[in-house]
Amino acid sequence: MTERTSGQQPTAAEERGDSIIQFPASETVLTTESLGVLYDGTSAVEDITLGIPRNRVVAFIGPSGCGKSTLLRAFNRMNDLIPGARVVGRALYHGKDLYDPDVDPVEVRRRIGMVFQKPNPFPKSIYDNVAFGLRINGYQGSIEERVERSLRAAALWDEVKHRLRESALGLSGGQQQRLCIARALAVQPEILLMDEPASALDPIATSRIEDLIDELKRDYTIVIVTHNMQQAARVSDYTAFLYLGKLIEYGETDRLFTNPKEERTEQYITGRFG
Amino acid sequence: MSHRTFAERLDELTEQLHTMSHDVETLVGRAFALGESCDEAAVQAIRDGDHAIDEAEMQIEESTIELLALHQPMATDLRVLVTVLKINNDLERIGDHAVNIAEAFGRLSRRHQRPPLPPELDEMARVSRGMLRDSLDAFVAGDAELAREVGRRDDRVDRLHESLVRVMLTHMQEYNISACLQVILIGRNLERIADLATNIGEDVFYMVQGRTIRHGSRDAGESEVVEERS
């Protein structure tokens, strides 16, 4: 289970100065302060201090094992489910630490939704997949209306409106992933976390997901983990580069991909690591 | 294609551009050296040199686009490739200006009543060719300071050009107007070469530093009354 301690020393990020972009508190929905995650005492990510700006897309990039998915999961307490995981530092959502003892992780995950690498629809109908979160949350309004709105927001409505009662497993991979996005949107989160959402999809389905991300940022804040740097460059406003569990650089995507400030970022994005 | 191959191909590409830049520099020097008593064969030799540069330009452009499409490079690699594309285009244009200079000398040579060539013309050639050489050296060496310094000489070429035009307008009262226009045209082409060398310097600065030092669009100049390739 998780526990936390707060760090008092100047962070590595603060020492690096302008390689890590700073946002005014009024613009961020989520802020980490010296956040770290340990698995059985071994640090997976450490000393991460960054802000996630509202209605923007932030991409996490870095080599395999750099801790980007671990960091993403820390944003909605998904690491709670991993035995031996421990979180240190703070993850503030509108100023409230997500890891405070009085915070309900289920409520955290309602406000901070997640979409995974592999589409994982429930073996239920398309309709029931989207309605699922509403039902378990005891939603009192019109479920039908919310299902339609969510499917429209996920750019899937026109393709499934005549077969809502059919099994979600009959959809294509790209459609299944958009269904999972619709399912996440149905409970009206503020932040959407996406862990390699298009890595299992073909280029056309990937393109639709990327277009969707661009549309969704009007209403949501999105954090995406991707191995595909071109995808990060296409969809995100800001990019964070992690290496060996540390935040190396975080800045505007346009700038980071054309003129990175840190040598390690340059080496990674030009493929010269190792 | 492996990354090693990408690095090798990038090296090959910059080497090709280096060779092309040397050829362009030489062509400009040869065109200006024709002087006011050259024959058509000498002018044709400059045109032939320009054709070879056009061929090289197309090859470099094709290779650059291929590398961009296949590798989608980022950071320094991206800046180098974008700069190669831009310099490649500028060098091709400079080759055209060399031909313009040679053809203007050719037309001048056919005139019996020729004005004296003002010293501004030699000085413009010296400064603009120096700018071209330094901008290309800056590219090869990745020298941002040298690249930035090139642009500082552009004003001097502009002032020399203005002075040249004034002198030639005065000569028009005494000498053949078309002959005087050829001299103005040679000066104008040298002025454009200096502008393009400045562009190359600015592009090299971007390539090295990742930020731009451009000062906005340059005056495109007045349309010419005599034949000139663009």
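## Helix 3 of chain B

Helix 3 of chain B is mostly covered, with 28 of its 35 residues buried (under 20% relative accessible area, 1.4 Å probe, protein chains only). Helices here are DSSP runs of H or I, at least four residues long, numbered from the N terminus. The end C-alpha atoms of helix 3 of chain B lie 51 Å apart, which agrees with the 51 Å that its 35 residues should span at 1.5 Å a residue; the expected span is 1.5 Å times one less than the number of residues.

## Basis of the model

This is a predicted model, in which local features need pLDDT of at least 70 and side-chain atom pairs count only at pLDDT 80 or more, while totals for chains, interfaces and linings use all residues. Residues are numbered from 1 along each chain as its sequence is written, chains are lettered from A in the order in which they are written, and side-chain values use heavy atoms, without hydrogens and water.

## Interface of chains A and B

Twelve residues from chain B and twelve residues from chain A make up the contact (heavy atoms within 4.5 Å). The two chains bury about 960 Å² between them, 46% of it on carbon and sulfur atoms; buried area is the accessible area (1.4 Å probe) lost on being put together, summed over both parts.

One salt bridge is found across the interface (a side-chain nitrogen of Lys or Arg within 4 Å of a carboxyl oxygen of Asp or Glu). R272(A) pairs with D77(B) in a salt bridge, with the closest N and O atoms 2.8 Å apart. On the side of chain B that touches chain A, helix 3 (75-109) and helix 7 (177-209) of chain B each supply at least two residues. Helix 3 of chain B gives the largest share of that side, five residues.

Key
Buried means under 20% relative accessible area, exposed over 50%, partly exposed in between (1.4 Å probe, protein chains only).
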